[in-house]
Amino acid sequence: MSYYDDGNNKIRRKKISSHNVNSKTQVIKKNNINRAENSMNYDNRKEYTSSGKRVEKVRAKKKLRNKKFLGVLKKSLIFLLIISFLGAIAGNALMNVMFRNTPELTYSYMRDKSISSEYVSISKIPVNLQNAIVSIEDERFYDNKGVDYMALARSIIHNAFSKSTQGGSTLEMQLSKNLLTTTDQTIKRKLKDMYNAKQMNKHMNKREILELYLNNIYLGKSSYGVEKGAKIYFDKNVSELNLGECALLAGITNNPGLYSTDYEAAKKRRDIILYKMQELGYITKDEYEATKKQETPMNIK
């Protein structure tokens, strides 16, 4: 009985021992799996963190490059403005030396130089036409002294960074080119126009200068001056022009070859001028909207 009991105990111990071994093996396997999963999770976290840091580094580098570019651009613009300002001062001094023997540009002197066949007084030219020309050709006309250094600096920067060209001439400078100098694209001619513009402001008021300008601008079809232009394009005296006709006539000066022969192009130019007049406060928004919707018939032959 004792032997049997001992044998039975041995069998039970053997089974228990086997069971313990299997349990330990399962635990070890489970622990190994957990360690493997933890290791994978750690690697994934590490990879994710590393990837995130790389993205942040790329963004930081891009931001730094953009900041450097903007800094260089800003410095370049400031440099160009300074150069333009210094150039204007130097040019002004040079002009006084080069052109000191120029005759006084009084109203009577300039009136004698006029090329218009139908000269009219400023009192007969509609205010809307006066404002249309000022708005599109020289919006700071009443504030500058013949030379708009801000406009000149802007045109230099624009021409340096763009394929298109932009002028910075005031009405006085254009008047000088029309009556006193030439159309040659030279620095000397430009300086001469600047000098003449400043002299005009010394000897004339803005009303007289504007009168001379409006009577000597070229409007296509061999016509000089707004009185002649009004008769050619609208069969009217200039004093009879309405707002739309004033804006359209003012627009022709920019490109007479195009706007004197293409009504749709002239109309688009008219609308640009009307918008500019409204923006500067010369007409109301209602006047702008109403005139823009209207046709402005013109003679195109």
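User: In this predicted model, how many of the 9 residues of H7 are buried?
Analyst: Helix H7 spans residues 206–214, and in this predicted model it is largely enclosed by the rest of the structure. The buried residues are Lys-206, Ile-209, Leu-210, Glu-211, Leu-212, Tyr-213 and Leu-214, and what covers them includes helices H2, H3, H5, H6 and H8. The number of buried residues in H7 is therefore 7 of the 9.

User: Which backbone nitrogen lies 2.8 Å from a polar atom of the side chain of Asn-215?
Analyst: Asn-215 sits in the loop between H7 and H8 and, because its relative accessibility is 0%, counts as buried. Its side chain has a polar atom 2.8 Å from the backbone oxygen of Glu-211, while the residues it touches beyond four places in sequence include Ser-116, Tyr-119, Val-120 and Tyr-224. The backbone nitrogen that lies 2.8 Å from a polar atom of this side chain belongs to Val-120.

User: Is H11 roughly parallel or roughly antiparallel to H12?
Analyst: Helices H11 (residues 263–279) and H12 (residues 285–293) pack with their axes 9 Å apart, at an angle of about 170 degrees. Because angles over 145 degrees count as roughly antiparallel, this angle makes H11, relative to H12, roughly antiparallel.

Conventions: Residues numbered from 1 in each chain as written. Predicted model: local features only at pLDDT ≥ 70, side-chain atom pairs only at ≥ 80, totals over all residues. Heavy atoms only, no water. Helix = DSSP H or I, 4+ residues; strand = E, 2+ residues; numbered from the N terminus. Buried < 20%, exposed > 50% of the residue type's maximum accessible area, 1.4 Å probe, protein only. Polar contact = N/O pair within 3.5 Å; in protein donor to acceptor, adjacent residues only side chain to side chain. Contact = heavy atoms within 4.5 Å. Axes fitted to C-alpha atoms, helices over the stretch in contact; angles between N-to-C directions. Parallel < 35°, antiparallel > 145°, perpendicular 65-115°, else oblique.
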